[in-house]
Structures are given as C-alpha cells and as structure tokens.
Amino acid sequence: MTDVATDVGTEQEAFDALIAADQRVEPRDWMPDDYRKTLTRQISQHAHSEIIGMQPEGNWISRAPSLKRKAILMAKVQDEAGHGLYLYSAAETLGTPRHVLNEQLLNGRAKYSSIFNYPCRTWADVGAVGWLVDGAAIANQVPLCRCSYGPYGRAMVRVCKEESFHQRQGWEILYTLSHGTPEQKKMAQDAVDRMYAPALMMFGPPDDQSSNSDKSMAWKIKRFSNDELRQRFVDMIVPQAEALGLTLPDPDLKWNEERQHYDFGELDWDEFWKVVKGGGPLNVQRLNRRIEAHREGAWVREAAAAYAAKHTETVPNLIGA
C-alpha cells in the first residue's frame, strides 16, 4: 500500500512538473483522474457542439441565394463534421469510447454550446453565425492550440485555421447585405441584434459563476478565463461592426480609456442557464434531429462494422497464403 501511495505521489509530482514547465501531456502519460475527467467533458462537449452546429446552417443549403453560396455553405458544414471527428478522436485517447460519448449526447446527459439552440431565421442569420459565432469560437479556441493535453492542442490547430475561413465568410455575407438595399441592411442588423448576446454567452458564465474555469486554467487546459475571453472578443468585433456599417445592440457599449478596453452591458444569465438546462427555443428540436439522424444512419454503421470485421478476418489468411 505504501509503495502504491509512493508511486502515485511520484507520478503526481511528475505531472505537476510537466504542467509547470508548460509541456504537453500525452495519452500514455499518467494524469490525475480529475484532469482526465475535465478534459473528456470539455473535448466531448466541443465535439457535440460541432455536430449539432451543422444543423442551423445545413438547413440553409437548399435556400442559399446562389450556386456559389450553396457550394461555400456545403463546404463549411462539411468542415464542422470534420471538426467533430477530430475532437471525438482526441476525446477517445482519454479512455472513453466514441459510442459512449455519443450516447451521452443522445440521452441528454452531455451538453453542447448554447448558441445552437437559437433559430437561424434568415439568410442574414447565416452571416451572423459566421461572423459572431465562429468569431467567438476563434477567440476561445486559438488559445486551446496551446492546451496542455497534446491531442486536443494539435487538433485545434487545423480547426482554428478552418474557422477563420468560416468567420470571414460570415462577415462577407453581412457586408454584402449591409451595403445592399435598405431591406437587406435591415435584415443584417436584425440578425446581429438577435445573435450578439448568445454569441457572448458562448464563453460560458461569469468567472464567479464558473465551477470549472479555475481548475482548467491551473492545468493549462485553458489559458484565459471566461470573462477575459469575452472581453477580447468584444474588443475585436466593435471595429468590425463599424466596418460593416452595423451597430451592436448594447447601449452600455463604450470605450474605456482607463482600461483600454470596451465596457459592455450585463448579459441575461438567467436566459443562459435556462437554455443550458434544455429550455431554449430549439433545444428539443436540435436533439430530436440528432437522434433521428443517428437512427437513420444505423445501416451505414452496420455496413462499416461488417466490412471491418470481414477485412480483419481475411488479413491473416492472406498472410498465411
């Protein structure tokens, strides 16, 4: 028993030294159970968000205003599917099989980003999702490229590169609309008005209400707190909104010369928690659609499994021959 305790103590010290030295933890390295659990929750939630996030924009592929717009949107939705696969693969390296992670989403135990429970009502919403939602994702995910867990940090490098294209696509849609007819500009402004607050909530609750942020920062999974990331995002989008010719729906938004940052108004955190707990505009619809897609794809999974089993069986025979 003493030897086990000594071994664990030594492993914990080695882990702490690795984190202190700002080096990477790899799947075969010893790690505390809480570190593994926190990463599994965060990475799988991120993966679920990418997969659920395909729905609002996927609904607009057939209604995009031109063939070029359809092609770009199809590529973007395909990218999101790829992001989900990268992240599920990273989560699996922590010891939880993908089918278990998927079951947690389908039965409602696992969460995904609250933003995807809001409707995408107009084509301008597709632009607002790209500019604000993907912009918030970039602000949050670029620091994750330096995450202390190797597979997650490496996956984020490609994800962030692709998200930068998505953000630019959304900005370009809004720019075209805001410099079009008065009706088009009104549509763009309405989309920004509705998406602004939910996008700011993507960074999570305020630091004093977050139970996981401090621990994640101590382990260098995260590099900045929720409030720090939110501030960086607001500072980034204010000049972009000015370039678009659109306004951000916050009467308290103003430059603070002393802080050298923009001040902005308090968000409705009661609404945030309501959506997180399943009471958002489209929580039920989003999850039901995911369950339906999983059920309809059963034959593909069965065929792939049968092919893999057959292939595994034939390999020894070929070697023996």
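Glutamine 260 is placed in the loop that joins strand 1 (254-256) to strand 2 (261-263), where helices (H or I, at least four residues) and strands (E, at least two) are DSSP runs numbered from the N terminus. The phi angle of glutamine 260 is near 60 degrees, a positive value in a residue other than glycine. With a relative accessibility of 43%, glutamine 260 counts as partly exposed, given that buried means under 20% relative accessible area, exposed over 50%, and partly exposed in between (1.4 Å probe, protein chains only). The model is a predicted one, in which local features need pLDDT of at least 70 and side-chain atom pairs count only at pLDDT 80 or more, while totals for chains, interfaces and linings use all residues. Residues are numbered from 1 along each chain as its sequence is written, and side-chain values use heavy atoms, with hydrogens and water left out.

A positive phi near 60 degrees is also found at aspartate 22, again a residue other than glycine. Aspartate 22 belongs to the loop between helix 1 (2-20) and helix 2 (33-52), and its relative accessible area of 42% makes it partly exposed. Leucine 248, by contrast, is buried at 12% relative accessibility, although it too is a loop residue, located between helix 10 (226-244) and strand 1. The C-alpha atoms of leucine 248 and alanine 21 are separated by 41 Å in space, and the two residues by 227 positions in sequence.

The protein chain as a whole comprises 13 helices and two strands. For its 321 residues, a compact globule would have a radius of gyration near 20 Å, and the value of 22 Å for the protein chain agrees with this expectation; the radius is taken over C-alpha atoms, and the globule rule is 2.2 Å times the number of residues to the power 0.38. The C-alpha trace spans about 70 × 55 × 35 Å along its principal axes, and 45% of the 321 residues count as buried.

Most of helix 6 is covered, with 18 of its 19 residues buried. Alanine 124, a member of helix 6, is buried with a relative accessible area of 0%. Between alanine 124 and valine 300, which are 176 residues apart in sequence, the C-alpha to C-alpha distance is 35 Å.

Grid points are joined across faces, edges and corners, and a volume is the space filled by probe spheres set on the points. Over the whole structure, two cavities of 30 Å³ or more are found. The largest cavity, with a volume of about 70 Å³, has a lining that includes Val129 and Val133, together with Gly53, Pro56, Glu57 and Arg286 among others. Helix 3 (54-58) and helix 6 each supply at least two residues of this lining. By class, the lining of the largest cavity holds seven nonpolar, one polar and two charged residues, where Ala, Val, Leu, Ile, Met, Phe, Trp, Tyr, Cys and Pro count as nonpolar, Asp, Glu, Lys and Arg as charged, and the others, Gly among them, as polar.

The second largest cavity has a volume of about 30 Å³ and is lined by Asn140, Pro143, Leu144, Lys222, Arg223, Phe224 and Leu229, which divide into four nonpolar, one polar and two charged residues. The second largest pocket has a volume of about 410 Å³. Two or more residues of its lining come from each of helix 4 (67-92), helix 5 (98-106) and helix 12 (283-296), with helix 5 giving the most, at four residues. The lining of this pocket, which includes Arg98, His99, Asn102 and Glu103, contains five nonpolar, three polar and four charged residues.

Conventions:
On a 1 Å grid over the protein atoms alone, a cavity is a set of points where a 1.4 Å probe fits but cannot get out, and a pocket is an open set with protein on both sides within 12 Å along at least five of seven lines; lining residues have an atom within 4 Å of a point.
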